[in-house]
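Please open the structure in your viewer and keep the selection panel at hand. The stops below move from the ligand to a sheet, then to a helix, and end with some backbone details.

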Amino acid sequence: MPNGAQALLQTLADAGIDVCFSNPGTSEMHFVAALDAEPRMRAVLCLFEGVATGAADGYARMAGKPAATLLHLGCGLGNGLANLHNARKGKVPVVNIVGDHATFHVPLDAQLQSDIETVARNVSPGFVRTSNRTADLCRDAADAITAARGLPGQVATLILPADVSWGDGGQPCPPPPLPAPAAPDDGTVQAIADAIRSGGKAALLLGGQALREPALLTAAKIAAHCGVNVFCEVFPTRLERGAGLPAVERIAYLAEMASLQLSGLQHLVLVDAKSPVSFFAYPGKASDLVPEGCTVHTLATPAQDAVAGLEKLAAALDATSATPALQAAARPSRPRGRLTAAKVCKAVGHLLPERAILIDEAITSGLMLGVMTTGGPRHDLLTLTGGAIGQALPNAVGAAIACPDRKVLALVGDGSAMYTVQALWTMARERLDVIAVIFNNASYSVLNVELDRVGAGSRGGPKAKAQLDLHGPVLDFASLAHGMGVTATRCDRADAFCKALETALATPGPHLIEAVVPESLNASKRRVLPWLLRSLPNLPKPVALALKRKIAP
Ligand SMILES: Cc1ncc(C[n+]2csc(CCOP(=O)(O)OP(=O)(O)O)c2C)c(N)n1
Ligand SMILES: [Mg+2]
């Protein structure tokens, strides 16, 4: 009979969970030892727990099924929390396995003893379970798998005491088949169809599962037939875009711009999306972005079948045979001259390969990424769903393992990259086809914008500014990458960047391209930005929208 760990690995593999992103410790040694007895499980060592959790997130976004993590006790889980938070906000399934001390060791309050369940609950509100008996372990694991991959997907945390892992008598247990998600009921669909037909200005807001091709096409038919706008949530988990697909307008990060996009709406229809709120609160500004007088309708909750909901709505509106507007193919030209963040985005648009996976954590340097890639070949876009930075490099590890036949491009700010830079080592070790583009602007640039926007700018002196500045020493990402076995180049000219990107695209394995760029929102732009944002509501809408397109297209 297998021990607990062996039976657990068999249960995972039987359920199709065949990748484990691990950072183990002593309490996980039997799990580690059992890996060799389960040939179906790929184990990927990550040198920081935030890399393991972010990799599990990126993997599930692209594979459409969860990976497992293996983390060490409460401290390891804590280190991995930020990227589990991003997974939770993105409704991404993760089977989060956290080793614990043996059950009899817990009361002794040894050095690494801590309250794991409390740490886990924040990112795993729907499922936290400590498995207390080897005989129950696989049933607990099956429950965790079921919870993780339900609709909506979630982080399910299974806490695995060492003695439960090493104990004899493990009994593999298959999780039950997933029930099909329910479509929204006819009454809801009809009421929304009536609201859209009533003539008031209406929009669909798509999120979660509704950002993949089938949902996008159906939403675009409704738009073509009824004249509704189609918006995409501000930070999509996975958005399919590019030539041949309907283009959707993302809600802007800056609340003033989001309000402008939504202004004048009488009906906002949520499809697996939250009603829009501002990312942060600002003194004297509204946090709820739904315009006054606008009714919010829910076509599909995250627990419902959004595609079926859209199809029912299209049928109720007689839109099923409408012709959806599709994005035409168009690429920007090759950039020249001194490198800027916008030129990096342009180069990416110019050279983007077919079926690339684009991961955007470029923060201020990525302002032009959307517009430069809209008409590029079809690709998937993964974004910072929970706002906790340090996601892109780990996500790239997971996405590359999920889709070994596709190129992964992670575009990352220098500040963000440093949170989980260890991901580079795993990329080298696993020989992953990842191109990491790091925007070295030597700044937490966005926080300079925020310092002014929250009204603290005038109070901050040199000590405040130093908290947002990454000069002295300026980071050398090419050297960091070399130190972790990743080929790297550093460039400050557009030509050199394009060549580096071409070489990286043509050569398998991981590459890092460090783009030395000025801040996109430099001091003079930052000075006018608050004034511009304040003036948006007072300008004629077409002028305001044109201005928005210029700043954040
Ligand atoms: C886990 C976490 N810690 C801190 C922050 C606050 N934060 C938001 S953006 C940012 C700096 C981003 O810098 P960088 O990646 O260089 O992008 P830039 O602003 O320069 O474009 C920080 C520290 C956060 N969002 N998440
Ligand atoms: Mg920066």
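For the classes used at the first stop, Ala, Val, Leu, Ile, Met, Phe, Trp, Tyr, Cys and Pro count as nonpolar, Asp, Glu, Lys and Arg as charged, and the others, Gly among them, as polar. Bear in mind throughout that this is a predicted model.

**Ligand 1**

Select ligand 1 together with its shell, which by class has eight nonpolar, nine polar and one charged residues. Of the 18 residues around the ligand, Thr-364, Asp-414, Gly-415, Ser-416 and Val-446 come nearest.

**The five-stranded sheet**

Next, select the open sheet whose five strands follow the order E10-E8-E7-E11-E12 with parallel pairing. Its edge strands, each pairing on one side only, are E10 (249-250) and E12 (295-300).

Within this sheet, center the view on strand E11 (residues 267-271), which runs parallel to strand E7 (residues 202-206) and is joined to it by five bridges. Along that pairing, Ala-202 stands opposite His-267 and Ala-203 stands opposite Leu-268. Turning to E12, one finds that it also runs parallel to E11, again with five bridges between the two, and that Thr-298 is the bridge partner of Leu-270.

Which way do the side chains of E11 point? In a regular strand the side chains alternate between the two faces of the sheet. In E11, His-267, Val-269 and Val-271 point one way and Leu-268 and Leu-270 the other, and all are buried.

**Helix H13**

Move on to helix H13 (residues 341-351) and color its buried residues, which are Ala-341, Val-344, Cys-345, Ala-347, Val-348, Gly-349 and Leu-351. These pack against several elements, among them strand E13 (356-361), helix H14 (369-373), strand E15 (408-413) and helix H21 (494-506).

**Ser-22**

Ser-22 is placed in strand E1 (residues 19-22), and it counts as buried because its relative accessibility is 8%, where buried means under 20%. Beyond its neighbours within four places in sequence, Ser-22 is in contact with Val-44, Leu-45, Cys-46, Ala-52 and Leu-70.

**Backbone details**

Most residues other than glycine have a negative phi, and most peptide bonds are trans. The remaining selections depart from one or the other of these patterns.

Finally, inspect the cis peptide bond that joins Leu-151 and Pro-152, with omega about -5°; Pro-152 lies in the loop between helix H7 (134-149) and strand E6 (155-161). The peptide bond from Gly-472 to Pro-473 is also cis, with omega near -10°, and Pro-473 is found in the loop between helix H19 (462-466) and helix H20 (477-483).

Methods. Residues numbered from 1 in each chain as written. Chains lettered and ligands numbered in written order. Predicted model: local features only at pLDDT ≥ 70, side-chain atom pairs only at ≥ 80, totals over all residues. Heavy atoms only, no water. Buried < 20%, exposed > 50% of the residue type's maximum accessible area, 1.4 Å probe, protein only. Helix = DSSP H or I, 4+ residues; strand = E, 2+ residues; numbered from the N terminus. Contact = heavy atoms within 4.5 Å. Near = heavy atom within 4 Å. Pairing = 2+ DSSP bridges.
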